[in-house]
Amino acid sequence: MSMQSAILPHAGARTLNADALHADARRETFGLLALLSPGLLLVFAVIIVPIGWLFWLSLFDETGSLSASNYARFFQQPSYIKTFLTTFKVAFAVTGACVVLGYPLAYMLSQLPRRAASICLILVILPFWTSVLVRTYAWLVILQRKGLINSWLIDLGVISQPLPLANNFAGVIIGMTHIMLPFLVLPLYASMKTIDIDCLRAGMNLGASPAATFRQIFFPLSLPGLASGVVIVFVLCLGFFVTPALMGGGKVIMWAMRIEQTTSLYSNWGAGAALGVVLLAVTLALLGLFQWLLGARATGVWSSR
Amino acid sequence: MSMENALPISHRQRLWLYALGALVLLFLIAPSVIIVIMSFSGSTLLQFPPEQWSLRWYESYFGSVEWRDATIVSVKVAVMTMIVATPLGTAAAYAINAGTLRLTGAINALLTASLIIPVILIGIGTFFLYARIGLNNTLTGLVIAHTVQALPLVVLTVVSGLRSYDMNQEKVARSLGANRFSAFLQVTMPQIRFSIVSGALFAFITSFDEVVVSLFISGGETTTLTRRMFNALRDQIDPTIAAISTCLIVLSIVLLSAAQLFGRGR
Amino acid sequence: MQRFSVRNCVTTNCRGSVQALPQLRPAMNDPESREMLLSIAPTALPIGISGIEKRFGGVSVLRDLSLDVAAGEFLTLLGPSGSGKTTLLMILAGFVRANAGSIKVGGEEIIAMPPHRRNIGMVFQNYALFPHMNVFHNIAFPLKQRRVSTAETAERVEKALDLVQLKGLGERRVDQLSGGQRQRVALARAIVFEPRIVLMDEPLSALDKSLREHMQIELRNLHRRLGMTTVYVTHDQREAITMSDRIAVMNAGCIEQIDRPEVLYAAPKTRFVAGFIGDSNFIPVESRNGSVWYEDRKIRMTSAVPAAGCHLMVVRPEKLRLVADAQPAGSVNVIPATVGDVIYQGDSFACYATLRDGRQVTLRDYCRSDVLARLPGPGEPVNLGIDAEDVVLVAAD
Ligand SMILES: Nc1ncnc2c1ncn2[C@@H]1O[C@H](COP(=O)(O)OP(=O)(O)OP(=O)(O)O)[C@@H](O)[C@H]1O
Ligand SMILES: [Mg+2]
């Protein structure tokens with residue numbers, strides 16, 4: 001009865017039109033690659049090629065012969081070691097400050113009703129869209145010797161001498177915390193939003209106190225978001241340039257500033273390149289470690305802004 | 001506020017939380033507000049609140065040829081970056097979303113590399129490269145460098161737009177006789193246009209606010225606004241910068257509102 | 001009009017002949033609607049699908065699948081979730097690329113043709129109407145692609161709207177339509193350009209039950225009037241039986257059986273088909289010495305005795321009867337059993353019984369007074385009767 005029983009007359013039925021279909025698939029792949037290629041080419045030319053080139057440069061000393069002296073310098077010169085220490089100190093301090101400020105904020109946002117939350121969220125996103133330069137300038141104005149804070153405090157009689165708030169370590173930390181905070185709050189908020197409220201209700205129903213429910217259920221569930229925020233903030237801090245350059249008062253030399261000085265001021269490309277290569281390696285290693293540990297991509301931060 | 005989002009927190013704790021959250025929000029937003037107010041100050045001293053009001057810093061901004069030229073350069077570069085990055089990013093997002101390519105992970109990583117790689121490295125790298133091919137201090141060079149930095153944002157925005165779009169519609173359009181490109185133009189694009197516009201706005205603002213790379217590769221005729229501001233800030237704190245900053249803040253607000261409005265249009 | 005009558009005779013296909021022909025459909029009599037149809041009815045063409053292979057990664061989803069669809073036929077692909085129905089439909093439409101195989105429409109190979117040149121109308125499960133266009137522009141879309149003049153477009157869209165009973169709704173926005181109306185718009189859009197074939201992937205599954213049943217009839221009538229070759233996908237067996245000329249039952253990437261609904265029901269060829277369409281009792285039997293045996297009883301049957309070995313006898317619940325006599329008489333087979341439970345269902349009752357080997361069977365009958373009078377109680381031994389002509393054997397896996 002059935003037409004199914006009709007036996008295929010072709011001996012090679014298994015590969016009927018297989019070549020044509022394969023060619024067609026290849027055509028489609030090429031089409032899609034063509035769509036990608038302009039973007040990929042640009043990235044390749046402007047990021048990959050120069051960085052590869054810098055890496056190559058870093059392998060040669062000033063006389064032009066192959067040597068590891070550019071890298072050896074890191075362990076020999078105290079000024080380099082100091083730079084690394086400063087950089088990590090700043091990165092840890094800023095990340096810590098961001099966690100301390102960002103967690104309550106994200107928690108509050110996740111508690112607010114939708115409308116209020118979206119209004120508050122705008123206040124988080126707006127700084128994200130505002131130039132780093134503008135925000136750094138604002139902090140300079142607020143924190144400097146004759147700045148707002150100091151003149152207020154003096155007017156109020158709290159202090160007699162201006163506090164050193166800008167052009168030092170504290171200024172850098174404050175300024176950078178302000179810039180990094182949204183990078184922590186946005187992924188953290190996103191992950192808190194996905195926590196199932198029923199899960200928490202169940203916890204409280206089962207007799208856990210609010211504090212215990214928070215500690216044992218909510219906090220652990222928000223950890224992945226916190227982790228991705230922490231990693232991205234830390235990594236961005238390591239390579240940050242603008243704020244420390246303007247607010248450090250020449251006293252806080254961070255890694256990126258060192259690179260700039262070495263290349264622009266001393267025109268020592270080999271040494272600057274070596275610094276850059278190691279910075280990149282540390283950054284990628286941290287991100288790789290993060291991805292390996294949590295299986296998540298840190299770049300997700302940007303899609304939420 | 002309803003019991004729906006009653007999370008593990010008691011009433012008193014909630015008040016504390018809100019107070020703390022409000023303080024952090026204040027910390028985030030206060031600097032911009034202060035700068036806007038101070039930009040209308042009448043004195044060279046940085047007082048807050050200002051004792052006299054004036055527009056002299058705005059006059060100083062708009063009256064200065066140097067600031068004006070730098071602004072024009074920045075606008076030109078930002079517009080061109082937007083014009084280049086948006087179609088490139090959209091095309092790449094479409095290809096990524098099709099999902100039939102192998103190595104999508106590697107492609108994604110490459111396209112979003114500039115978000116992760118320290119900007120300073122991109123700065124010296126492009127400077128070094130441009131020095132060989134004579135692109136330093138040119139608009140073209142700036143546009144190319146900024147496009148690379150804006151591209152990942154466009155790609156991420158458009159990909160997320162495509163994810164929430166029903167690709168069956170494009171399929172239907174193709175079965176009804178439109179070729180792939182024409183189906184994209186007639187059916188897909190009108191529906192993801194919000195994402196595309198947001199991506200374009202991202203590209204614009206990314207380029208306009210870019211500092212580090214511009215420090216290296218712009219100069220002379222093509223000094224961007226941010227580079228000039230950076231140098232001015234290194235020297236002394238000129239209240240003119242408060243006026244410029246206010247303009248930049250307003251620009252951010254306008255672009256962000258535009259993005260939000262378009263986003264809502266869905 | 002000729003083309004409607006003629007097309008049912010045109011059953012040419014690449015290989016072999018078509019035995020299960022769709023019956024000749026009633027020709028159109030109403031001259032007005034006939035004229036209307038002449039400009040919108042697609043030219044029906046046969047489809048010959050052969051040797052389709054599809055793998056996703058390493059997983060084989062369609063395996064050497066062949067299938068012929070006669071011109072103007074309404075063929076349904078029926079199968080459980082994941083059996084490859086959508087994949088096959090997508091290959092037909094050109095959105096999924098097979099690894100090998102051939103698809104001929106009216107003799108023309110289309111397997112590597114881009115979707116927009118295939119001239120195939122497609123209706124998706126979620127309709128995929130274009131939300132940024134109104135109803136008119138949705139339906140006009142395929143005509144616009146074909147650069148049909150504005151006047152003709154208006155005329156044809158009007159006719160299509162009329163055909164799906166949406167006259168006057170052209171200016172509506174898509175989100176102002178009900179589910180059933182959206183369905184109709186999707187349908188109108190898929191047929192307005194006279195496609196050679198119409199494909200539908202579970203088009204009614206998003207509708208509620210009563211509307212779905214209504215639309216089934218409407219779709220069926222529309223197909224009768226236009227006579228387009230239609231491949232329809234569903235996993236609802238009732239829907240398939242109601243609507244189709246023939247049903248292809250798919251399982252794990254293969255077609256198990258393809259037949260007219262009544263044949264499929266009465267004579268399933270595999271255990272899967274028997275179990276998938278309607279309820280079935282499976283009773284193990286053995287073929288030896290040229291006859292078929294259930295335990296020590298010889299089964300009387302009208303169909304041919306299969307090769308020696310174990311088989312399953314497929315008996316539909318309504319084909320089982322309670323008989324008084326324990327000995328087979330005439331052409332009736334008798335199987336002893338014990339009643340487990342009897343459930344009264346208003347117009348009918350179901351009797352659950354256990355065979356001697358412990359196997360459960362179900363018997364269903366109408367509540368006629370003669371039957372009700374002799375209804376057994378739980379625990380009572382009964383004799384189940386099966387007519388010889390109702391005996392269907394399938395291979396035991
Ligand atoms: N793009 C894909 N990539 C990998 N596997 C796929 C893809 N599409 C389908 N499959 C697999 O192919 C098989 C057949 O899928 P298909 O969608 O054709 O099933 P179906 O019969 O339409 O099922 P349903 O009734 O649920 O719609 C499934 O096992 C599915 O997981
Ligand atoms: Mg399906």
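How do the residues of the lining of the largest cavity divide into nonpolar, polar and charged? In this predicted model, 23 of those lining residues are nonpolar, while 6 are polar and 4 are charged. The cavity in question is one of 2 that a search of the whole structure finds at 30 Å³ or more, and its volume comes to about 770 Å³. Of the 33 residues that line this largest cavity, those closest to its centre are Val132(A), Phe183(A) and Phe240(A), together with Val119(B) and Gln149(B). The elements that each give two or more residues to the lining are, in chain A, α4 (114–129), α5 (132–143), α7 (169–193) and α9 (210–238), and, in chain B, α5 (113–116), α6 (119–133), α7 (139–163) and α9 (180–209).

An N or O atom in the side chain of Ser81(C) is 2.5 Å from an oxygen atom of ligand 1, and for an N or O atom in the side chain of Lys85(C) the distance to a ligand oxygen is 2.8 Å. At Gly82(C), a polar backbone atom is 2.8 Å from an oxygen atom of ligand 1. Taken alone, ligand 1 exposes 640 Å², of which the protein buries 55%.

Technical notes: Residues are numbered from 1 along each chain as its sequence is written. Chains are lettered from A and ligands numbered from 1 in the order in which they are written. This is a predicted model: local features need pLDDT of at least 70, side-chain atom pairs count only at pLDDT 80 or more; totals for chains, interfaces and linings use all residues. Side-chain values use heavy atoms; hydrogens and water are left out. On a 1 Å grid over the protein atoms alone, a cavity is a set of points where a 1.4 Å probe fits but cannot get out, and a pocket is an open set with protein on both sides within 12 Å along at least five of seven lines; lining residues have an atom within 4 Å of a point. Grid points are joined across faces, edges and corners, and a volume is the space filled by probe spheres set on the points. Helices (H or I, at least four residues) and strands (E, at least two) are DSSP runs, numbered from the N terminus. Ala, Val, Leu, Ile, Met, Phe, Trp, Tyr, Cys and Pro count as nonpolar, Asp, Glu, Lys and Arg as charged, and the others, Gly among them, as polar. A polar contact is a pair of N or O atoms within 3.5 Å; within protein, one must be able to donate a hydrogen and the other to accept it, and residues adjacent in sequence count only if both atoms are side-chain atoms. Accessible areas come from the Shrake-Rupley method with a 1.4 Å probe; for residues, only the protein chains shown count as cover.
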